[in-house]
Amino acid sequence: MTDLPVIPPTLVPDEADEGLRNEIRSWIRDNDPGPPPSSYVEKMQALTEWQAALHGAGFIGLSWPEEYGGAGRPLSAEAVLAEELAFSSRPQLINRLALYTWGPTIFDFGTDEQKTRFLPGMLDASEQWCQGFSEPEAGSDLASVRTTALRDGDELVVNGQKVWTSRAELSKWNGLLVRTDPDSERHHGLSVLLVDMESPGITVVGFPQVLDEPHFSEVFFDDVRVPVDNVLGGIDQGWSVAMAAMAYERGLFVLERQIGLRRRFDELTARLVADDRADEELERLGILYAELDLLRSQVYRTLAGQISGDLPVGSTSVDKLHLAHVYQHLYATAFDLLGDEAAATGEGDWTHDLLESRAVSIYSGTSEIQRNIIASQLLGLK
């Protein structure tokens, strides 16, 4: 077994962050968007308008360089925004995949031309992003991707299929993992392309879901032409780009989810107190509270590691694994304690959240894959 990595210190907001917190909190209080629309299409439009309003107020891209429309603050400022949105139960950022994942990845691997072209539309959600990684034969085993991109002059011709692509129907751009060397195997010969979803040859087919929301889609690519200039990080260098993107995907996203789960835990506890049942369920509530606190500590440690550049390889798998466990444990416990009536009536959206929780251990890498990553990359097990 190799030596265990040094764990970076936790993230501690400074005085400037707390000033920002008060500013954001005041703005949110004065700009309450009200209850979300009932229809999916109207809800997505409202979320787009909400992010545009936050951008207009100067709260989007807080850690980005000023030359690309940001505020030049440390990453802790982004954590403050995520906290305040989650604590207030106001809407999520619809383009957070771009803001949290692909924006930082383009900063790390992109050319100056790519930064100038792709970053501005991320901020106000005028150009939304999706991610084309998983395939029918390459879900959690990402190195098995078969979608190809073969060079033809100054273009790459893409053929293949992606699945579980979140909000593909809304997206302008797709961070697409493809095989550019047809003779390669596993993580060799892969590239990441920044693909215009309006290109000829792209077909988006939504999956029917029990939540009746077309959140996931299949995406088919038939002779789709992508400029070579849209390769991110170099041809055949896609594995390192994809791994960097997945590391960015975890931090602020998990922070948001952790705070949302804590808020739902408080709602559950309040229900039990009102029914004079909290004392008899104290042990179960205590276990959930401890798990939530552990998740909070872990995600702040991850953010601190991202800021310092000392984040151990594979450590974000701990965040994802524990998030899935706590997510499912909370809602399973809630339904056990609230009873079938809550499920039947959908009171407080507990039904929606219970159903959604079942997917957390599958999307963005299954819990089984996260355990393998932790074992091999963090613990040095073979």
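One aromatic cluster is formed by W102, F118, W129, F133 and W173, where rings of Phe, Tyr and Trp (its six-membered ring) pair if their centres lie within 6.5 Å, and planes under 30 degrees apart count as stacked, over 60 as edge-to-face and the rest as tilted. This is a predicted model, in which local features need pLDDT of at least 70, side-chain atom pairs count only at pLDDT 80 or more, and totals for chains, interfaces and linings use all residues. Residues are numbered from 1 along each chain as its sequence is written, and side-chain values use heavy atoms, with hydrogens and water left out.

**Aromatic pairs**

- Twelve aromatic pairs are found in a search of the whole structure.
- The ring centres of W27 and W50 are 5.6 Å apart and their planes stand at 45 degrees, so this pair is tilted.
- Because W27 lies in helix α1 and W50 in helix α2, the pair ties together parts that are 23 residues apart in sequence; helices are DSSP runs (H or I, at least four residues), numbered from the N terminus.
- W27 and W50 are buried, a term that means under 20% relative accessible area, with exposed over 50% and partly exposed in between (1.4 Å probe, protein chains only).

**Helix α2**

- In α2, the residues Y40, M44, L47, T48, W50, Q51 and L54 are buried.
- Seen down the axis of α2, these buried residues fall within an arc of 160 degrees (taken from the directions from the helix axis to the C-beta atoms), so they line one face of the helix.
- The face of α2 turned away from its buried side carries the exposed residues V41 and G56.

Note on methods. Helices (H or I, at least four residues) and strands (E, at least two) are DSSP runs, numbered from the N terminus.
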